Amino acid sequence: MAGLDQISDQDLAWNREQRTPCMLLLDVSDSMGGQPIQELNAGLKIFEDEIKRDEMAVLRCEVSLVTFGGSARLAQEFVSVGQFQAPVLEATGNTPMGSAINLALDTLRARKDSYRQHGINYTRPWLFLITDGAPTDPENWPAAGERLLREERDKGVVVFPIGVEGADMGFLARLSSLNPPQKLKGLAFAQFFRWLSTSQTRASSGQAGGSFQMPSQQDWAQVPL
Amino acid sequence: MAWTVTAAKQAGTSHLRHGEGCADAFAVRTGDGVLVLAVADGAGSARCGADGAEHAAGRAANLALRETDLRSVFQGTLDSLLEKVGDRPSADFHTTLLVAILTENTLSVGNIGDGWAVVRSMRGHGALRAVAAPSRSEYANETFFLTSRNALDDAVYEVVPAAGLDAVALLTDGPAWFSIDLETRTPSAALFGKLFEFAADGSRPAPERDEELARFLASDMVVRKTDDDKTMVLAVRDAR
């Protein structure tokens, strides 16, 4: 009698675990000094702790950090969240958002190339841009903003602009044609990063067909009046 | 023309974790000289994806009993689904749809989305191959649906001679993850060999076979590989 208990692990096809990449583009300019940067750092630590609790997320989610304060810096290459250790960021200098966007998009492109080379399936990358200001690098702006929009339109990335107190929301609205900018409620970085951990975990799990229902943003996003 | 059919579905562990049921559906119909198999996968993002899948698989299978042109089957299924949707957003009912029509002479497969149809050919000495394999997309979790714009144009259609075919499997993307090498698009010979051997044992009552397949789809071995919903329909030609 031929039963299915004859099937063993070796009979199954082997596919590489799919990856869910997420890029955090963080404003660490002077104006973020003091409490905002402390709350941001605490939020990153919460993200690290929460997302590591989900077994599937540890296998599939990847995160990279680009910061801009004085200069644009790749603060964290893409790593699996299992290896991610929240850095302690310091606030300094002006707001070279344009070159930071370019650096983030270049980093994303390189990551996708590497996935393709290794035959790894991946989900559409998310890019969160969190700022309280506007770009101070006119040599890269507005070209970098246009590149970001183009990349999003070509389905290369999904952009989520987020404003911290004092941010120019009208300006942020020009950074994504998919997602309206959200304004952070007070300094609710903790709530935001908790939400991000949940969202990433859900995006990485086997959901047929693209955009799933995102968890509610009400814990951290200011309700528009 | 006699075939033995075994079919089952199981909710994915990620769906169970979020308090959701299985959004997959399947349907099997037999008519005069025709066997129809259909599977559908309701989108995770869609509020009523499970309803969409259930409706699509059932309606498509009914239509395919008397209409062998798959584009017409899809059109009829879409029309009736949109009627059911009414004033609600059709995206709430997003579902993939994979239909196979087996007659004496041909196997016709139409594929909207990311399901897989795998056949075994005795003329090819038991070689397996995917028929109407889904088109490649850049992203792992993005596909298109019956309710998507241009779905009937984007669908993959393929008709192959039925002579020599002795087994057919239809799957949603969940089982594809552990049964097909997605890079080379090669079905696992070892796995399908054992699945078809199991499904060929028509001496056991159908409900018993269906249950065993359902148990396999919920087994630790499978759940370690995928947390998505899983549906499999296996049809094996009876020995003459």
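Q: What makes B:His125 stand out in the hairpin of E6(B) and E7(B)?
A: In this predicted model, B:His125 takes a positive phi near 55°, and the hairpin to which B:His125 belongs has five residues between strands E6(B) and E7(B).

Q: Why are strand E6 and strand E7 of chain B called a pair?
A: Two strands count as paired if DSSP finds at least two bridges between them, and five bridges join E6 (residues 116-121) to E7 (residues 127-131) of chain B, so the two strands meet that criterion.

Q: What is the order of the strands in the open sheet of chain B?
A: Five strands form this sheet, in the order E1-E12-E9-E6-E7, and the pairing is antiparallel. Strand E1 (3-10) and E7 of chain B stand at the edges, where each has a single partner strand, so one side of each is left without a neighbour in the sheet. From one strand to the next, the twist averages 15°.

Q: Which helices of chain B lie across E1 and E12 of chain B?
A: Helix H6 (residues 189-199) of chain B lies across E1, E6, E7, E9 and E12 of chain B, running at about 65° to E12(B), while helix H7 (residues 206-217) of chain B lies across E1 and E12, running at about 40° to E1(B).

Q: How is the packing of helix H3 and helix H4 of chain A described?
A: Two packed helices are described by the angle between their axes and the distance between the axes. For H3 (residues 97-117) and H4 (residues 143-153) of chain A, the angle is about 35° and the axes are 8 Å apart, and H3(A) passes H4(A) in a left-handed crossing. A:Gly98, A:Ile101, A:Asn102 and A:Leu105 in H3(A) meet A:Ala144, A:Gly145, A:Arg147, A:Leu148 and A:Glu151 in H4(A); the residues of this contact divide into four nonpolar, three polar and two charged.

Q: How many residues of chain A are in contact with chain B?
A: There are 27 residues of chain A in contact with 38 residues of chain B. The side of chain A that touches chain B has 10 nonpolar, 14 polar and three charged residues.

How values were computed: Residues numbered from 1 in each chain as written. Chains lettered and ligands numbered in written order. Predicted model: local features only at pLDDT ≥ 70, side-chain atom pairs only at ≥ 80, totals over all residues. Helix = DSSP H or I, 4+ residues; strand = E, 2+ residues; numbered from the N terminus. Axes fitted to C-alpha atoms, helices over the stretch in contact; angles between N-to-C directions. Contact = placed C-beta atoms within 7 Å. Nonpolar A, V, L, I, M, F, W, Y, C, P; charged D, E, K, R; others polar. Left-handed = near helix turned anticlockwise from the far one by under 90°.
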